[in-house]
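Dear colleague,

I am handing over the structure that we spoke about, with the sequence alongside. Please look through it before reading my notes.

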Amino acid sequence: MNSSELLRYCPDLLHYARRECREVMVGHVGIGGKNPIRVQSMITSDTRDTDACVAEVLQLAQAGCEIVRITAQTKVYAANLENIAREVRAAGCIVPLVADIHFKPDAAFEAAKWVEKIRVNPGNYADKKKFEIREYTDEQYEEELQRIREEFAPLVDLCKEKKRAMRIGTNHGSLSDRIMNRYGDTPLGMVESAFEFARIAREMDYHNFVFSMKASNPKVMIEAYRLLVARLEKEGSDWNYPIHLGVTEAGDGEDGRIKSAIGMGSLLADGIGDTVRVSLTEDAIYEIPVAQALVKPFLDGSFGSAKGHAEAAETLSYDPFSYEKRSSSTLEVMGVKVGGGETVRVVTTQEKWNAVAHKFSALGDFKPEIILEKSSVVAIDPRNTSAVQQVNAAEHSLFVTVADDIDMEVIHAFRLLAARIDARHPILLKDTLVPAVGEVDFQQALLVASRNIGSLLCDGIGDAVLVQGENAPGQSFRLSYNILQAAGVRIFKTDYVACPSCGRTLFNLQSTTQKIRAATGHLKGVRIAVMGCIVNGPGEMADADFGYVGGAPNKINLYVGKTAVKFNIPEDEAVERLIDLIREHGKWIEPAVASAE
């Protein structure tokens with residue numbers, strides 16, 4: 001019996017319904033309950049600079065941000081929240097303010113006097129991460145929990161007294177040594193970390209809190225949130241707390257938007273999520289329209305509202321809590337191997353293929369591989385039992401997809417297809433079942449394609465992808481490949497984990513990230529983490545080959561994996577030293593020299 005038979009995070013994986021939960025009030029703004037999905041962001045200014053912080057809060061509120069977060073890394077920084085809050089209210093702005101706390105309980109206690117919500121990270125609120133390996137006896141573990149209670153209870157009391165809200169926000173990159181040693185660097189560890197703090201709050205009859213389970217890897221993030229919701233359901237109906245969604249260190253540009261849409265869009269499509277923050281390595285103001293576009297279909301009823309009926313699948317083709325690629329046979333399509341252990345392929349139409357055939361060499365890594373009309377793909381309605389039986393009765397494995405224009409959401413249709421056809425048949429995923437006509441909004445096409453295709457890929461479904469929602473050939477190919485990269489199923493370029501800037505950042509993240517991209521963007525398959533400080537640094541870099549982390553003002557520490565190997569490098573030398581480090585580990589290649597035409 002797999003975990004999906006023991007735990008349920010969603011009442012029906014083939015129909016949309018938003019998860020029901022209690023309402024938590026953050027100032028005058030309600031999260032959960034019957035409230036819309038709230039959009040929030042975080043300012044990047046130094047918290048000691050009152051004028052800069054107030055200006056940024058007002059700018060975000062004007063753009064439609066409903067909750068604004070501000071870092072408070074020490075008690076001194078937290079004390080200035082009094083001035084920031086006063087000036088924001090004096091300007092007529094009533095947007096709730098949130099203090100972001102890491103490492104310093106005294107900063108949280110100070111901040112709770114002045115702002116409407118406190119975000120605590122269970123991994124570092126009362127723990128100092130040393131990456132120690134030790135076995136905890138049950139008695140030792142209980143002693144640790146008692147120590148946490150002594151640190152955390154005063155904050156809970158103050159939040160109750162002042163009617164403050166709280167986010168118990170676990171980050172994959174900053175789990176405590178205690179959790180790491182007992183549960184590992186896993187979604188289960190993330191959930192248990194949050195539950196330690198939630199149980200203390202509940203014992204004190206404090207319930208005005210929300211949960212989050214953030215990670216930079218969309219697969220980990222999706223599994224962690226699903227497991228959280230399933231565990232909340234199992235605990236009982238009064239554990240119905242709202243959920244905040246976020247993908248940490250998503251990065252910038254298209255990559256950041258795609259990774260955010262995969263992680264958050266997948267969960268929103270299953271009814272999970274009451275407030276969201278899109279974390280981009282860009283000015284915070286640019287996060288708001290992306291977040292608004294991401295939640296819009298779930299607010300206006302356009303997602304799942306008028307779709308046809310589908311009977312529940314007898315069994316799923318995947319375990320929602322543990323990634324495994326769906327097993328299929330290998331086929332040869334237009335000379336390209338599809339399915340089995342082959343990489344996920346990119347398909348396009350004959351029309352788009354013809355439009356770029358004369359400049360294939362200029363497309364580099366963004367070339368299409370298969371023409372739809374020559375692929376012999378079989379398109380069916382997965383609800384049609386006779387069509388499914390015909391596919392399954394075929395002597396040889398078939399390349400199969402969902403037919404266009406059927407009245408099902410893409411995610412639901414392909415889940416049902418994967419459940420009903422034999423595993424031997426490779427599947428072609430589509431971003432939409434209604435091909436675009438004329439000019440389209442590229443950001444909208446990107447978000448929909450990333451949500452739909454990315455969600456399925458993260459569940460191990462799909463052997464090839466076809467983007468139909470973007471008409472421009474080059475953009476549709478680039479989008480296809482970037483989704484495959486963000487979902488972690490086909491790494492074809494340098495992969496970056498870059499955090500959004502905030503008041504803790506020790507260097508200019510945007511310009512530095514661009515400088516690192518310019519120097520290393522040709523290193524196909526190398527993963528580089530760019531972190532403004534150590535809050536998530538070592539943990540979120542566990543999957544990275546190399547890390548560039550702010551250690552002190554204008555000083556950089558360089559990492560190999562999650563081990564710091566170079567310390568206090570002057571910022572103006574750090575990119576060159578990073579290149580030297582990559583070279584030392586045999587992963588550097590010289591960039592190709594463009595030929596003169």
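What follows is an account of what was found, arranged by topic.

The model is a predicted one, in which local features need pLDDT of at least 70 and side-chain atom pairs count only at pLDDT 80 or more, whereas totals for chains, interfaces and linings use all residues. Residues are numbered from 1 along each chain as its sequence is written, and side-chain values use heavy atoms, with hydrogens and water left out.

I begin with the aromatic residues. A pair of aromatic rings is described by the distance of the centres and the angle of the planes. A search of the whole structure finds 19 aromatic pairs, a pair being rings of Phe, Tyr and Trp (its six-membered ring) whose centres lie within 6.5 Å, with planes under 30 degrees apart counted as stacked, over 60 as edge-to-face and the rest as tilted. One of them joins Tyr-125 and Phe-152 edge-to-face, with 5.8 Å from centre to centre and 80 degrees between the planes. Since Tyr-125 lies in the loop between β6 (117-120) and α6 while Phe-152 belongs to helix α6, the pair ties together parts that are 27 residues apart in sequence; helices (H or I, at least four residues) and strands (E, at least two) are DSSP runs, numbered from the N terminus. Both Tyr-125 and Phe-152 are buried, where buried means under 20% relative accessible area, exposed over 50%, and partly exposed in between (1.4 Å probe, protein chains only).

Phe-366 and Phe-492 also form an edge-to-face pair, at 5.6 Å centre to centre and with 75 degrees between the planes. Phe-366 is in the loop between α12 (350-356) and β14 (370-371) and Phe-492 in the loop between α16 (473-486) and β19 (495-498), so this pair ties together parts that are 126 residues apart in sequence. Phe-366 counts as partly exposed because its relative accessibility is 24%, whereas Phe-492, at 7%, counts as buried.

Next comes Arg-147, which is placed in helix α6 (residues 138-162) and is partly exposed, with a relative accessible area of 28%. If its neighbours within four places in sequence are left aside, Arg-147 is in contact (heavy atoms within 4.5 Å) with Ala-126, Asp-127 and Arg-178. The charged end of Arg-178, in turn, sits over the ring of Tyr-141, 5.8 Å from its centre, which is to say that CZ of Arg, or NZ in the case of Lys, is within 6 Å of the ring centre and within 35 degrees of the ring normal.

Thr-349 lies in the loop between β13 (345-348) and α12, and it counts as buried because its relative accessibility is 19%. A polar atom of the Thr-349 side chain lies 3.2 Å from the backbone nitrogen of Lys-352. Not counting residues up to four places away in sequence, Thr-349 touches Ile-371, Leu-372, Glu-373 and Leu-466.

Finally, there is an open sheet of 5 strands in the order β19-β20-β21-β22-β23, with mixed pairing, two strands being paired if DSSP finds at least two bridges between them. Strands β19 and β23 (563-570) stand at the edges with a single partner strand each, so one side of each is left without a neighbour in the sheet. Strand β22 (residues 555-560) runs antiparallel to β23 and is joined to it by 5 bridges, and Lys-555 stands opposite Pro-570 in β23.

With kind regards

Note on methods
A polar contact is a pair of N or O atoms within 3.5 Å; within protein, one must be able to donate a hydrogen and the other to accept it, and residues adjacent in sequence count only if both atoms are side-chain atoms.
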